[in-house]
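The entries follow in the order in which I checked them.

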Amino acid sequence: MACLSFPQDFLWGTATAAHQVEGQNVNNDWYRFECEPGAIRNGDTAQISCGWWTGNYRQDFELARAMGQNTHRLSVEWSRIEPSEGKWDPTAIQFYREMLSCLRGMGMVPMVTLYHYTTPLWLVEKGGWENPESISLFARLADKVVDELGDLCNFWCTLNEPFGIVHGGYIAGTWPPNKQDLPRAVRVTVHLLRAHATAYWAIKHRQPDSQIGIAHHVQLFEPANPRSPLDRMAAGARDWVVNRLFMDAPRYGYVAVPGGLRIMVPEVIGTQDYIGLNYYYAMQTAFDLGRPLEAFGRTVLRPETQKLARIFPMTGDIDPKGLEYFLLQAQPIGLPVYILENGVYEADETNQSRYLVTHLQAVYRALRAGLDVRGYFWWSLVDNFEWNDGYTPRFGLYRNDLQTQVRTPKPVAAVYERIIRENGIPDDLIHAYGR
Ligand code: BGC
């Protein structure tokens, strides 16, 4: 059967994050936030979720393996590994060793993220990422993790979406520590970059053959009215803040902040072995003087998105060309690229399959243009705890019954399995779901 073929050895997987799947995390800032009335949609908490802490990861990895997935991206929970400052918990370390051994035993390549949004409470008490000490504390975590897990993994992501950490915690204020404070946002940006660089070298010295990078959050910003200079300016400003700050720093060694100021971070240069992209949405942007914290931009959803948004509030428009755009943008950097997250929540029988196929068509076009794309991770393997939105948006290939912990495949699981087995997108799937 004709098929858009992908390179041999292409990594096909899914991504998860510790706090979103493990359950029973009580020693980090998100747990504390979830306990506040009204913080999370429907009062949900991550306390049950997918029960990985009690061993359910085994059944989920088995589901992934049975589909032919050859990799899985997961994160370790800092507050479990280091429950109080400088004290390591051997039980938690053993748990992650078993998890990685399980993946490897099933023939899957593990990729480990060191920080996926959750901060241990002891570090929160010290000011979290606002405290410059967070840089060396994070590097010490990296040291420890590589010492303990390095025989099982050499594929690392230091930070998940550093811009998300800054935006959620210090600009929008919707995530812990719930601040809206630009000077702090800038400080945290610089600390995160330095923490990444220090962790990079900590890992590299121990594991010269490791692959280390950042999962960059990218969104396509287009002017709502392409003829309006103000809309174009706002879209450009959002693109610069959201997509460029963290992506450019490892190339140029500085962070360009509002006011034309450059904060030098030369130690960040050359601290990525690959470019990791998390792409979900595009956003049409209109100029709005009343929104200085959003780079004077307001998101204008397309009519088809507004329809979907009646089922669940959408943050952006579905647009696969955004993925192609960012893949091609990465080309001059000259590093291999991994799509570390891409996906959409279940809205009807076919929307996830359409999203998967159309976005993989975009990846295929980038491959044809000569880009070195090495892997694709769908977000996510199983429906899990979606931060402020609790369990409402369901991004998984599998449904999860929170009470019984029974998993049920969604239609997209079969579509992804076909693609993985063919190592490409078969024609019939393109006819059914593609563009
Ligand atoms: C985050 C995930 C989150 C996903 C879907 C990503 O930006 O890294 O943790 O669950 O978006 O909302």
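I began at the end of a helix: α14 is followed by N423, whose phi is positive, near 50 degrees. I took helices as DSSP runs of H or I with at least four residues, numbered from the N terminus. The model is a predicted one, in which local features need pLDDT of at least 70 and side-chain atom pairs pLDDT 80 or more, while totals for chains, interfaces and linings use all residues. Residues are numbered from 1 along each chain as its sequence is written, and side-chain values use heavy atoms, without hydrogens and water.

I then checked the length of α14 (residues 411–422): its 12 residues should span 16 Å at 1.5 Å a residue, and the end C-alpha atoms are 17 Å apart, which agrees. The expected span is 1.5 Å times one less than the number of residues.

Which residues of α14 are buried? I found V412, A413, V415, Y416, I419 and I420, with buried meaning under 20% relative accessible area (1.4 Å probe, protein chains only).

A ligand oxygen atom is 2.6 Å from a side-chain N or O atom of E161, and for E341 the corresponding distance is 3.0 Å. Taken alone the ligand exposes 310 Å², of which the protein buries 87%, by the Shrake-Rupley method with a 1.4 Å probe.

Conventions:
A polar contact is a pair of N or O atoms within 3.5 Å; within protein, one must be able to donate a hydrogen and the other to accept it, and residues adjacent in sequence count only if both atoms are side-chain atoms. Helices (H or I, at least four residues) and strands (E, at least two) are DSSP runs, numbered from the N terminus. Buried means under 20% relative accessible area, exposed over 50%, partly exposed in between (1.4 Å probe, protein chains only).
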